[in-house]
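Please keep the model open while reading.

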Amino acid sequence: MLQLKKITKRYTTGTFTQTALDGIDLEFRPSEFVAVLGPSGSGKTTFLNIIGGLDQYDSGDLVINGRSTKDFKDRDWDAYRNNSVGFIFQSYNLIGHLSIVDNVEMGLTLSGVSRAEKHQKATEALKRVGLADHLHKRPGQLSGGQMQRVAIARALAGDPDIILADEPTGALDTHTSVQIMELIREIAKDKLVIMVTHNPQLAEDYADRIVQFRDGQVIADSDPVVHTGESERGYTLKKTSMNFLTALKLSGKNISTKKGRTALTAFASSIGIIGIALVLSLSNGFDKQISLFESDTLSGFPVMITQQAVEMDMDTMIEQHSQMMGSQKRPDEYPDKKQVLPYDPAQNSMVHQNTFTQEYLDYVEHIDGSLLSGISYTRTVNMNLLHQDDSGDVTAASTSNLNFAAYPTSLKEGGEDYLQSSYDLLAGSYPQEDTDLVLIVDSYNQIDQNILTQLGIDSSGPVDFDDIVGKTFKIAPNDLYYTQIGSWFTVDSSAEHLRQIYDSEDCITVKIAGILRADQDTKLQVLSAGVAYSDKLTQRFIDSAQDSAIVKAQQEADYNVLTGQRFDDAAAAGNHGGSQNAATKEQILAALGGDSTPYMIALYPVDFAAKEKVTTYLADYNQGRDSADQVIYTDMAATFTSLSGGIMDAITLVLVAFAAVSLVVSLIMIGIITYISVLERTREIGVLRALGARKKDITRVFNAETFIIGACSGLMGIGIAYLLTFPVNHILKNLTDLSNVAQLNPVHAILLVVVSVALTMLGGMIPARLAAKKDPVEALRSE
Ligand SMILES: Nc1ncnc2c1ncn2[C@@H]1O[C@H](COP(=O)(O)OP(=O)(O)OP(=O)(O)O)[C@@H](O)[C@H]1O
């Protein structure tokens, strides 16, 4: 059944080649007890290892059940060791951290036998060797003889055809040796047992056949097989493998024998995880706080569109800034040429000229009204406001001193009014008519006394609401307000003339309908203390102003009809911002109500999500348009948030990078720890290989070990980080008044455990590979 044909094995160390086996020709019967005798170094162990498939022959052939092993691959040898051979070693080679049953079951585990069958076979084998009462002990709790019995049970459990024993009684006393020999002889009744021994007496007493070795050759065989020309029988091998669960169990048991060390290792490598988890939970919390702040406060920031918009987009700004700094093309070096290089600053300007066409105004008007709580138009029109004070004198009020502004109105029919939602009514009513004005006071009911004076209200002391609400004013049409003198216009501010205008039926009467104050939740006060009016009122004024003489005259003239200043000079000066005072023709026309185009449009989104839609809507307008025709909006809030978000991301990244350094350190540490474990478990590696474990399985065992450590350190790190968030939050609450800033995101927690496992497994990968490469014979021989 087992046949060696001219088996040769040589070992080369340096330049010296040792022939351990020199053309061995031997054949064995399916059941016999063969003792191999010979002086030290004669090749007995080598012979046994080759039969056992632990070592490979150089030449010749090993034929098992008629099948040559010449074409055996690693996997075949692994299966062969597992299925066909049982080893009994002089030093027992039990796995110390496993119970006796587990030791015996290991070979069966590798061949994938079911749990129940495995257990039954293992207990049977242990009963057979007389250890039925010691199933759950560990090897360390047994005597030498008992340990050797366990080893025999392990060899028998898988019911192999061949049992190989290398000096099984070498470490035992005579009495125990006898018991073990009896046991082996018993086994040999239905199996081939090959035993190497130094003891001729034992061989004489127990073996059926004695083979003598010297210098790698067989010099005597007491009962050689007369070759019968045995026909080839079918010989199939059942492939072995260890699943990850078994590897986990094995490594878990190993780790449980060194709990302290594992805990320390896991803790050390969890520090990086703790660091990252804390940084992430803080940045997560800060992000949440920021977005809370954003939706609370920043949604109050309007999206602004002005006739002259500054592109506030950070990237564009930086790009433009650097362009400006270095003219168009920034030379790398200072120029050597003796030349001055002119450039056009207009080309590099950050300012984009927005032109509000009617199409654009309509487009804005058609935005989904539900996205906005209000829209306001700022027009630079001077509405010729007149008031009459208590003594009956009529005065022209300067609207620029009134903080005169149009309040935002809702685009949606019946939609909640911006004023009503953001401003508390202190007296009177919210504006209902176009001609209703409102007086806005600040949070402390204060208002600039000049504003009251301009309104003709005595501001020498506190003013009762009642003295303000209901006060009326007149808006005079241009034709009444301005007096034409030749091709010039002027305002006749004599008392009688103003009274005359005031009493004219052509004036629009407006009144202060109510007094408003921003409610406490409104973080951003859109309207500063002053007088606010409806845009419809302005529109009405502008409609009437279109046909006024002064507007018509101004449209014709290339000079300011009020001052006589020529526009081309003014325009030239104004374009580059050289003069603040010089007005352009457009500006004068706008002031006179000759141009209905607003100077600025402000859109107030209902919330942050709506703001996104609003800006998308505005950006859509620019699709496919020349850059000159594009209208660029300014979203201050977005600039602010993208800046703050960016800073937060940068800080997080830097901190994570710092914490990651400790992960790298732990990676190296895990590598070292695993390497130490590989060294410690070398013999176990040998035993597993002898039992048929593949190289892959050995890698798996150590991967399982690092998996456990990685998972422990990940979970420990997350646990500790989670616990730390409480004191951290407490400290932050005291420092910043923000509560619950540090919040561990569960997704981050899971990811970090995964990262921890992945990194530790990475750290242990090289040692695990090294373990797999270990020669099983050497591994078994290691101390
Ligand atoms: N891995 C190896 N590398 C180099 N030489 C080896 C190796 N293994 C065995 N040898 C050599 O091969 C020869 C046979 O060794 P082997 O261990 O088979 O002898 P042995 O008969 O079992 O000896 P002992 O009875 O002392 O165990 C010896 O000379 C030994 O030095």
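In which loop does E167 lie? E167 sits in the loop between β7 (162-166) and α6 (174-187). Helices here are DSSP runs of H or I with at least four residues, strands are runs of E with at least two, and both are numbered from the N terminus.

This is a predicted model, in which local features need pLDDT of at least 70, side-chain atom pairs count only at pLDDT 80 or more, and totals for chains, interfaces and linings use all residues. Residues are numbered from 1 along each chain as its sequence is written.

**Two positive phi angles**

Most residues other than glycine have a negative phi. E167 is not a glycine, yet its phi is positive, about 45 degrees. D215 is not a glycine either, and its phi is positive at about 50 degrees. D215 is placed in the loop between β9 (209-214) and β10 (217-221).

Why does E167 count as buried? E167 counts as buried because it has 20 C-beta neighbours inside 10 Å. D215 has 14 such neighbours inside 10 Å, so D215 counts as partly exposed. The cut-offs: buried takes 20 or more other C-beta atoms within 10 Å of the residue's own, exposed takes 12 or fewer, and partly exposed lies in between, with C-beta atoms placed from the backbone.

**The ligand shell**

The residues surrounding the ligand are Y11, T13, Q18, A20, G38, S40, G41, S42, G43, K44, T45 and T46. A residue is near a molecule if its C-beta atom, placed from the backbone, lies within 6 Å of it. β1 (2-13), β2 (16-28) and α1 (44-51) each give at least two residues to this shell. The largest share comes from α1, with 3 residues. By class, the shell holds 2 nonpolar, 9 polar and 1 charged residues. Nonpolar covers Ala, Val, Leu, Ile, Met, Phe, Trp, Tyr, Cys and Pro; charged covers Asp, Glu, Lys and Arg; the others, Gly among them, are polar.

**Annotated segments**

An unreviewed UniProt entry annotates residues 263-282, 650-679, 700-726 and 746-766 as "transmembrane region". Positions follow the numbering used here, feature names are shortened, and annotations may be inferred rather than shown by experiment. Two of these segments are tabulated.

| Residues | Helix | Strand | End C-alpha separation |
|---|---|---|---|
| Residues 263-282 | 100% helix | 0% strand | 27 Å |
| Residues 746-766 | 100% helix | 0% strand | 32 Å |

**The whole chain**

The chain has 27 helices and 26 strands. Of its 783 residues, 40% count as buried.
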